Amino acid sequence: MKSKNIFLFLILFLNSIVNAKEIKIMISYLTPPNAIDFESKSFCKSNGMAIKKAKIKADAQKILITNEKIKEKKSKLDIKCNGMFTIKYSKKTRSYYGNLKISAQNSKLKMINSIELEKYLESVVSAEVYDIENYEAYKAQAVASRTYTLASIGRHKSNGFDLCDSTHCQLYNGYGKINRKAVKAVQETRGEILEYKGRPIWAFYHSICGGRTDKASDIWPDGGKDYLQPVTDGPLAKPYCRKAYGYRWRTKINYKKFEVFAQKKIFKTEIPLKGVKIISRTSSGRASFIEFYSTNYSKRISGSDFYHISGRYFGWDAIRSTLFSISINSKYIVFEGKGHGHGVGMCQHGADEMARLGYSYEQILKHYYSGVNLVRRKI
Ligand SMILES: [Zn+2]
Ligand SMILES: [Zn+2]
């Protein structure tokens, strides 16, 4: 009986090593490069061939790999390293662990990094907490990122990978700049996630809520998640995130410039812009619909669409949230607002202040996500 137990234990133990979850992330998803310089101080090989340093270039649907010893054309590369490797492209230097599969599509490199989920989180959390100070907030971020990752796996399944490396999924810049507190927070919360009705939640988070978070379904048409409810972020008149840099913002845009933006991106025709107004607001006061009008024509768009269209056009620091008011004079359109980001789920700067006040990461998470359970799962 005893030996049977030991045997069972061994099976479970080995299983947990073999099953450490690996995920596939596409590197440089938004702008796949044509060529990279690959370099590694660790031992790397691809399809039986050792590589230390090489130029890897996409040539139509093939890959050209060159260095002083090799000049070969291949249909794909499957690079396995026993340590860190670095790739350089378009003035970026990025370091990764795990494996790298490379193929070519229309002279662009498609690079897919396979990495253990917990190791992936060390990079993601490091990128997310660059302006956060208090340790319990790091742990809250680690659990939120782990949960969000599990919920979003499969988003890019049809393209052959699990997640992309942009903010569309979560920012993943490799291991060049790693934050020690972030790594510790990931390790100390290993396997911990938030569940609602037994499933990992969509643990959305953002930088600064501006006083109150928003209901997901008020921001996105398909966002109706019960656990993403509006939350007053701290005592009245004293929101937790109020001391964060950028809590209040004001952006003045030359009216002529804004009119060109409206013609190009909203009206899609060159008619004069007579005005812009907020038609309706969400329960937390964010602009839910905005109307752009000309003399005989008007166009309505959602606050969330405006946030994304204006962000891509004017830069993401111009209109920093949809919690704003608009005023117009003959020369300028002025947006006065609060907060940074979409406003759904955890407010990262609010979490930081809660941590400073002595709340635990579990209390922080349960403040922002309604009715969830914090559980530890074998991932
Ligand atoms: Zn994505
Ligand atoms: Zn907040």
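Modeller: Two residues are in contact if their C-beta atoms, placed from the backbone, lie within 7 Å. This is a predicted model: local features need pLDDT of at least 70, side-chain atom pairs count only at pLDDT 80 or more, and totals for chains, interfaces and linings use all residues. Residues are numbered from 1 along each chain as its sequence is written, while chains are lettered from A and ligands numbered from 1 in the order in which they are written.

Biologist: Which residues does I333 touch?

Modeller: I333 is found in strand β22. Strands (E, at least two residues) and helices (H or I, at least four) are DSSP runs, numbered from the N terminus. Leaving out residues up to four places away in sequence, I333 touches I253, Y255, F258, V276, I326 and I328.

Biologist: Does I333 count as buried or exposed?

Modeller: The test counts other C-beta atoms, placed from the backbone, within 10 Å of a residue's own: 20 or more is buried, 12 or fewer exposed, in between partly exposed. I333 has 21 such neighbours, so it counts as buried.

Biologist: Which residue in β22 is the bridge partner of I326?

Modeller: β21 and β22 form a hairpin with three residues between them. They run antiparallel, joined by five bridges; DSSP must find at least two for strands to pair. I328 stands opposite I333, and the bridge partner of I326 is F335.

Biologist: Which strands stand at the edges of the sheet?

Modeller: The sheet is open, with three strands in the order β17-β22-β21 and antiparallel pairing. Two of these strands have a single partner each, so one side of each is left without a neighbour in the sheet: β17 and β21.

Biologist: At what angle does α6 run to β17?

Modeller: Axes are lines fitted to C-alpha atoms, for helices over the stretch in contact, and angles run from 0 to 180 degrees between N-to-C directions. α6 lies across β17 and β22. Its angle to β17 is about 85°.

Biologist: Which strands do the buried residues of α6 pack against?

Modeller: In α6, F258, E259, A262 and I266 are buried. The buried residues of α6 pack against β17, β19, β20 and β22.
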